[in-house]
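Dear colleague,

I am handing over the structure we spoke of, and below it I have set out what was found. Please look through it before reading on.

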Amino acid sequence: MVFPFLKPKACCMASLHLSARYRCSYVIPRCTASSTSQSGISIRSSDLVEKEYADLQLKSLYAPSDIGHVRIRQHVNPLSASFSVPVQSPDWKGIFTDCTLPLMVDIGCGSGRFLIWLAKNSPLHRNYLGLEIRQKLVTRSQFWVKELGLRNIHFMFANVNVSFEQLVSTYPGPLAFVSILCPDPHFKRRKHKRRVVQKPLVDSISKNLCLGGQVLVQSDVHEVALDMRNVFDACTDVFEHVDLIDHSSFSCDSDGWLQCNPMGIRTEREIHAELEGATIYRRMYQKTRHHV
Ligand SMILES: C[S@@+](CC[C@H](N)C(=O)[O-])C[C@H]1O[C@@H](n2cnc3c(N)ncnc32)[C@H](O)[C@@H]1O
């Protein structure tokens, strides 16, 4: 097992229409979900997010000033020409204190606080790389990394559907963990090709992940979770679902979804969705055979 069960979170409450739920961004402070508790107190998801990451003690939540309260676009089109140029691999030695450590990559890391929390609190010795297509989020995440003085985490602007292979194949250590958490749903059928989980990306993950390495996928949109599940389930030559390997640590419900969050921390999207009563559908795969 790669990540310890630190504090699995429960989910709750009533649900809203899915696409309406998705219109409420987790990165724009003024636009947050809220729910009313039994005692009549209104709970804002932005407050829950701050609570979740409180121990990061980030002094400057909205710094730097150039991105501060500026509205960050909620979606970009990863297929547009402006995102088709692969990014160069960085000099890994200049980024991490020890670039031979196992690497965790969070694909579509959003604000990055989930990964920063892991880099700061996980007892595992590893490096963390957040890949995100919205540059302003990357700028802010890197600002926080500097503020906390962390040398085991780095954020990069990248369209993973264009740059993932190049980035991970040049990293000197093993690729040990990949997470794809609450990816943009792109609800309309004609826009499904914009979804991040596409066969070439899955092939690249299967090829580059070390033996024993793991992949966690999750979504609060059942159809998106199923879509990801179908692609990974089909890779029986490389992956096994973790409950088949370690049943005592990873139990699934009757439909085969993991019952607990195995990371010990929730992502921002996850917090918003759970406040609105959504179920988080998760699958976690382990590479048990070499990719051929
Ligand atoms: C719904 S958000 C979820 C963010 C975070 N994982 C969470 O659970 O809170 C999906 C993120 O993926 C990013 N994204 C979408 N397509 C991407 C791509 N092709 N490459 C990199 N990032 C992408 C989006 O910009 C967005 O920040």
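Predicted model: local features only at pLDDT ≥ 70, side-chain atom pairs only at ≥ 80, totals over all residues.

**Contacts around the ligand**

A backbone N or O atom of Ala 158 is found 3.4 Å from a nitrogen atom of the ligand, while the side chain of Glu 132 places an N or O atom 2.5 Å from an oxygen atom of the ligand. On its own the ligand has 590 Å² of accessible area, and the protein covers 96% of that.

The shell around the ligand holds 18 residues, of which Glu 132, Arg 134, Asn 159, Leu 181 and Thr 267 come nearest. At least two residues of the shell come from helix H6, which spans 160-170, and at least two from helix H10, which spans 268-275.

Helix H10 also packs with helix H2 (residues 45-52), their axes being 9 Å apart and the angle about 135°. Because angles over 145 degrees would count as roughly antiparallel and 65 to 115 as roughly perpendicular, H2 and H10 are described as oblique to each other, and their crossing is right-handed.

How values were computed:
Residues numbered from 1 in each chain as written. Heavy atoms only, no water. Near = heavy atom within 4 Å. Polar contact = N/O pair within 3.5 Å; in protein donor to acceptor, adjacent residues only side chain to side chain. Areas by Shrake-Rupley, 256 points an atom, 1.4 Å probe, with all protein chains shown as cover. Helix = DSSP H or I, 4+ residues; strand = E, 2+ residues; numbered from the N terminus. Axes fitted to C-alpha atoms, helices over the stretch in contact; angles between N-to-C directions. Parallel < 35°, antiparallel > 145°, perpendicular 65-115°, else oblique. Left-handed = near helix turned anticlockwise from the far one by under 90°.
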